[in-house]
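Visitor: I am new to this structure, and I would like to go through some of its features with you, one question at a time.
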Amino acid sequence: MTSQIILEQRQHFVKLPFVRTSAMEQILVFGPFALLLFGPLAFGAVSPLPIFVLEAGSALLFFLWIIHQAKSGELSFQWNPVFAPMLAFAGIVGLQLLSGQTAYRQATYSSAMLYIAYGLLCFLITQMLRQTYHLRTLAVTASIYGFAIAIFAVLQSVSSDEKLYWVHIPRNGGWIYGPYVNHNHYAGLMEMLIPIPLVIGLSHLANRTMQRLAVISAAIMAATIFLSGSRGGMIAFLVQLSVLAFFAIRRTGKFRVNWMAGLFPIILVCLLMWLGGSEFTNRVSTIHTEMRSELSGGMRMNIVRDGLKMFRQKPILGYGLGTFSDVYPRFRSFYSEVWINEAHNDYIQLLVETGALGFVAMLWFFWTTYSEAAKKISNWTDDRDGTLALIALLGCTGILVHSLVDFNLQIPANAAIFYVLCTLAAMEPRFRQTPTRTSSFSPSV
């Protein structure tokens, strides 16, 4: 009886074998994420060449996946619950093009191609991301990537605030921060990247050294949201922290702060005190005033009112995906020397461009994302699938809050990452717990 117990204990700590993958599979696993990491470095992928790279790259990877499937002798794919609302949205945009219900066909077609690229990336990740080794590699890579961009943003901000990469001057100007012309979009990127090291650092899935490094990385990344001066980003990040605190309390059943959770705000505050100047203090102190000004008739609120008037004109299918900047001048109710090419509210812009049908598809998409993620989060501190779901959910939450006052989802680099996070949040559990004492983010399947 004793020998049987000892044998069972030894089996509990046996490390599972590492499964090697072919070069083609490695490309199909890491290729989509390489495109995601490329976008922010290319100024958010807002110009034609980076958009072409994103679209052509996703199409090429999809073609390679078909070849890989053909070589394996079977054509099969894994379903993801978010695919249903995504297909519904694609059908609505297709109906706009086929029926001619778009104010500018070329704009709608171009936007549709971009959304197809997002969809292909989500599809490929669902099919290929299966091994824990790949998940660990991507988590470490994304944490280092976010940390590196944050350090670069700080260095660039203290040495030059007019040139991207100290070289390029934006043609139309802007509030540069990091690799983005618009500091709000930099904040949006950080909102999606910070949960990766932060949640890992607070979970039990990493050793002490990795936890410390993850929390420090997350704190530095978070500090740059405040240093960027994005008030919408600050509010969105605080909402993310509130959601994380809710799940932490729900997991333990009481409010208990471990030393890792305490380390994060200490580092964050110290960095802000050290690097934050008068501009940072001014932006924080004027959040309440700015919100009150907007609600009483600021530019964003005026655009929202104009957008609702536009919606009443075409409530079913809208004016066509990607046509807001072409249609809005006819409805603008206030004078401005600034060209308004976006609604500064992603929800209003979607309502105007795709009507009630597109808006319902969006609600369906969000409901699916959150409901599927909620099924896996209960044991997030010890389960890989729960950790991944919480990371993705926090990233999505930050952008969705920020989208009330900005247009992060109109920036291809940020939009692509957001849709991939939604896909990961809704994906079925597939990263089973490794029965070892080592880090769960170790090379195992």
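Visitor: Which residues form one aromatic cluster with F89 and Y115?
Guide: In this predicted model, F89 and Y115 themselves form a tilted aromatic pair, with 5.5 Å centre to centre and 35° between the planes. The pair links distant parts of the chain, since F89 lies in helix α4 and Y115 in helix α5, 26 residues apart. The other members of the cluster with F89 and Y115 are Y118, F365, F366, F418 and Y419.

Visitor: Is F89 buried or exposed?
Guide: A residue counts as buried when its relative accessible area is under 20%. F89 has a relative accessible area of 13%, so F89 is buried.

Visitor: What is the distance between the end C-alpha atoms of helix α18?
Guide: Helix α18 covers residues 412-426, and its 15 residues are 15 of 15 buried, so the helix is largely enclosed by the rest of the structure. At 1.5 Å a residue, helix α18 should span 21 Å, and this agrees with the distance between its end C-alpha atoms, which is 21 Å.

Visitor: Which helix gives the most to the lining of the largest cavity?
Guide: The largest cavity has a volume of about 40 Å³, and its lining divides into seven nonpolar residues, one polar and no charged. Among the lining residues are I194, P195, F237 and L394. Both α8 (195-202) and α10 (231-252) supply at least two residues of this lining, but the helix that gives the most, with four residues, is α10.

Methods: Residues numbered from 1 in each chain as written. Predicted model: local features only at pLDDT ≥ 70, side-chain atom pairs only at ≥ 80, totals over all residues. Heavy atoms only, no water. 1 Å grid on protein atoms, 1.4 Å probe; cavity = no way out; pocket = protein on both sides within 12 Å on 5 of 7 lines; lining within 4 Å. Points joined across faces, edges and corners; volume = space filled by probe spheres on them. Nonpolar A, V, L, I, M, F, W, Y, C, P; charged D, E, K, R; others polar. Expected span 1.5 Å × (residues − 1). Buried < 20%, exposed > 50% of the residue type's maximum accessible area, 1.4 Å probe, protein only. Phe/Tyr/Trp six-rings, centres within 6.5 Å; stacked < 30°, edge-to-face > 60°.
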